[in-house]
Amino acid sequence: MTAIPRRPGVSPRTSRTLRRAGINTLAVVIALLTLFPILWMISTAFKPATEIFSLTPHPLPAHPTMTNFHQVLNGSVIGYSFWRFFANSLFVTLTAVVASSLLALLAAVAVARFRFRFRTSYLIMLLAVQMLPQQALVIALFIDFRAVNLLDSLTGLMLAYTAFALPISIWMLRNFVATVPKELEEAAAIDGAGPARIFWRILFPLVAPGLVATSVFSFIFAWNEFTFALTFLGTDQVKYTLPIYVTYFFNRGGADWGAVMAASTMYTIPPIVFFLLIQRRMAKGLVAGAVKG
Amino acid sequence: MGTRTNARADPAGAVTAGLGRSRRSAGRLPAQAAIGAFVRRHRLAPYLLLVPSLAAVGLLILWPTIQIAVFSLQNYELPQVSGAQPAQWTGLSNFTAILKDPEFWVSLRNSCLFAAVVVPLTLIAGTGVGLLLNRLRRAMAALVSTTALLAWATPTISATVIFFWLFSPDGGVVDWTLARLPHWLVGSTDWAGFNWTNAPLPVYTMLTLLLVWQGFPFVAVSVLAGLKTVPTELYEAARVDGATPWRVFRRITYPLLKPIFLVLLLLSIIWDFGVFPQAYLLTGELANRDEYNLGIYAYQKAFTMPPSYSLGAALALILTAILLLVTVGYVRASVRQGALQ
């Protein structure tokens with residue numbers, strides 16, 4: 001501690017306090033800058049039109065109003081309520097998350113527990129496939145989905161999301177499967193447990209935290225996905241998912257920023273709640289999956 | 001142990017054990033037992049487990065990739081999609097048409113310049129926040145990491161719409177603020193009512209800020225995770241020697257976290273080079289041709305009337321090829337870090 005280089009005339013304690021204060025100020029500035037766009041969205045959502053277009057914008061609404069939210073919820077712009085599109089997004093996202101987690105778990109067990117031919121090729125394929133740009137593949141998928149009547153269909157969207165969430169899910173989950181001690185499964189097998197029983201009673205509960213971490217990624221991906229939804233849900237407005245709804249709203253209502261911000265605030269709430277709930281676990285999942293991979 | 005070696009199952013593995021032995025429970029059908037024996041004898045367990053995911057990835061990702069390559073060598077347009085006319089092979093004519101198209105060069109330039117600016121900015125901002133998080137006390141670290149997490153959790157479309165509103169010429173807070181700052185700081189442009197969307201430079205400035213805001217949390221969290229693995233003795237030794245923070249970063253942090261930086265660099269290039277949703281919306285949904293990047297340009301060729309899926313596919317293939325070059329780097333970096341073990 002005594003070796004800290006110090007400026008003449010400033011005691012080490014003062015210098016340390018100053019440095020700590022500087023770092024903390026920097027932290028607060030960064031936190032405010034980061035938070036600003038989100039705060040501005042929420043505050044605009046509660047502002048009446050007169051305040052939104054006021055010549056001097058204020059950070060908080062002077063006369064908070066629910067008008068914008070009512071407008072979004074009673075469907076005065078597109079003809080359907082926000083909840084219609086919320087339900088669409090929720091359906092597509094949850095089915096895709098469950099399906100991709102299940103398929104990924106099977107594959108992760110194969111990759112983490114077995115050594116077989118093509119194992120390395122399979123892993124490299126997964127890694128490479130993650131990089132294929134969606135905006136490139138959407139052209140071929142559009143033609144394929146058109147051929148099998150999956151355009152304007154939430155099922156089609158769900159299938160695409162399941163497949164595109166798989167590579168990263170498998171890649172992350174295999175690390176979690178690898179950390180489950182094999183001895184547990186061995187012991188169960190010796191006691192006469194079948195593969196299904198071993199899977200559900202031993203492997204599944206132990207890999208559950210990993211499944212939570214990977215589900216976050218699939219959830220965020222499916223909830224956010226724009227390109228496929230934009231292309232596949234062309235004409236049928238009832239089928240729109242939330243990102244398409246928000247941009248549609250934004251185009252029609254061009255100047256109606258209050259309603260657009262109300263819609264996007266409600267669209268943003270689920271992932272934010274989800275993130276905050278599992279903040280700790282997610283950081284761990286990231287370390288195991290993204291950084292190592 | 002059998003003589004087949006194509007699938008050397010781990011003898012202690014979970015499903016190996018299950019699929020192989022211990023089928024003693026009463027009431028099992030003979031057929032089921034026979035299947036179990038067959039699977040065990042041929043060591044099929046790993047392959048069976050891979051079938052569902054391989055089918056999904058194969059059908060919905062790999063097959064479309066092959067199709068893109070095929071379409072790019074054909075004349076695939078509306079009559080071919082509806083089946084009215086068969087597609088014909090046209091050699092490399094789509095590619096020669098693209099190379100002659102000035103719009104292609106504009107969009108390629110936009111993509112390259114954009115990636116060249118956004119990628120370093122995201123990495124620098126994220127690394128800075130990661131280093132800061134590592135030095136902050138508990139409460140302050142929680143504050144910064146929670147706000148970063150909120151930015152990260154905000155859906156792409158919400159973030160894009162918010163930035164559109166922040167930069168709006170009527171009522172946007174950015175123009176309002178810039179108009180009130182002294183001229184020597186912000187240039188003499190008349191910032192009140194400045195339109196950010198009708199020229200490439202302002203649009204890409206907006207896009208840059210948006211993508212840095214969205215992208216820095218991932219970098220920060222990854223760098224922080226890496227920093228936690230650096231032995232503290234190294235930093236203590238450097239402090240005793242009186243090293244400056246920059247020197248500590250150059251000589252200790254950077255070399256140790258180099259693999260993480262490499263992966264983050266490659267991922268950022270892949271994400272930002274042909275960025276689609278944000279660019280599509282901010283550049284006015286295909287309206288401004290001089291603001292296209294490669295992703296938007298391919299999309300526009302394929303999906304605006306009259307649709308030319310072939311030209312779109314050829315452009316998509318060019319985009320994919322560029323990203324694939326980067327991906328090779330990514331895969332090699334991952335393999336070198338032992339990610340395949």
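Colleague: Into which domains is chain A divided, and where do their bounds come from?

Modeller: Domain bounds come from an automatic or database domain assignment, and in this predicted model chain A is divided into domain 1 (12-71) and domain 2 (76-291). The C-alpha centres of domain 1 of chain A and domain 2 of chain A lie 32 Å apart. Residues are numbered from 1 along each chain as its sequence is written, while chains are lettered from A and ligands numbered from 1 in the order in which they are written. Because this is a predicted model, local features need pLDDT of at least 70 and side-chain atom pairs count only at pLDDT 80 or more, whereas totals for chains, interfaces and linings use all residues.

Colleague: How many residues of domain 1 of chain A are in contact with domain 2 of chain A?

Modeller: Two residues are in contact if their C-beta atoms, placed from the backbone, lie within 7 Å; on that basis 10 residues of domain 1 of chain A are in contact with eight residues of domain 2 of chain A. On the domain 1 side, the elements that give two or more residues are helix 1, helix 2 (49-52) and helix 3 (67-73) of chain A, and helix 1 of chain A supplies the largest share, four residues. Helices (H or I, at least four residues) and strands (E, at least two) are DSSP runs, numbered from the N terminus.

Colleague: How many helices and strands does chain A have?

Modeller: The secondary structure of chain A comes to 13 helices and zero strands. Of the contacts in chain A with a separation of 6 or more, 76% are between residues 24 or more positions apart.

Colleague: How many residues of chain A are in contact with chain B, and how do they divide by class?

Modeller: Here 94 residues of chain A are in contact with 93 residues of chain B, and helix 1 (residues 12-45) of chain A gives the most to the chain A side, with 13 residues. For the classes, Ala, Val, Leu, Ile, Met, Phe, Trp, Tyr, Cys and Pro count as nonpolar, Asp, Glu, Lys and Arg as charged, and the others, Gly among them, as polar; the side of chain A that touches chain B divides into 69 nonpolar, 16 polar and nine charged residues.

Colleague: Which residues touch the most other members of the largest nonpolar core?

Modeller: A nonpolar core is a set of buried Ala, Val, Leu, Ile, Met, Phe, Trp, Tyr and Cys residues joined through C-beta atoms within 7 Å, where a residue is buried if 20 or more other C-beta atoms lie within 10 Å of its own, exposed if 12 or fewer, and partly exposed in between, with C-beta atoms placed from the backbone. Of the 180 residues in the largest core, Ala107(A), Ala108(A), Ile139(A), Ala263(A) and Leu315(B) touch the most other members, and helix 7 of chain A contributes the largest share, 17 residues. Leaving aside its neighbours within four places in sequence, Ala107(A) is in contact with Ile170(A), Leu49(B), Leu50(B) and Ser53(B).

Colleague: Where do Phe118(A) and Asn149(A) lie?

Modeller: Most residues other than glycine have a negative phi. Phe118(A), with a positive phi of about 75 degrees, lies in the loop between helix 4 (82-113) and helix 5 (119-129) of chain A; Asn149(A), with a positive phi of about 60 degrees, lies in the loop between helix 6 (134-147) and helix 7 (154-179) of chain A. Phe118(A) is partly exposed because it has 13 other C-beta atoms within 10 Å, and Asn149(A) counts as exposed because it has 10 C-beta neighbours inside 10 Å.
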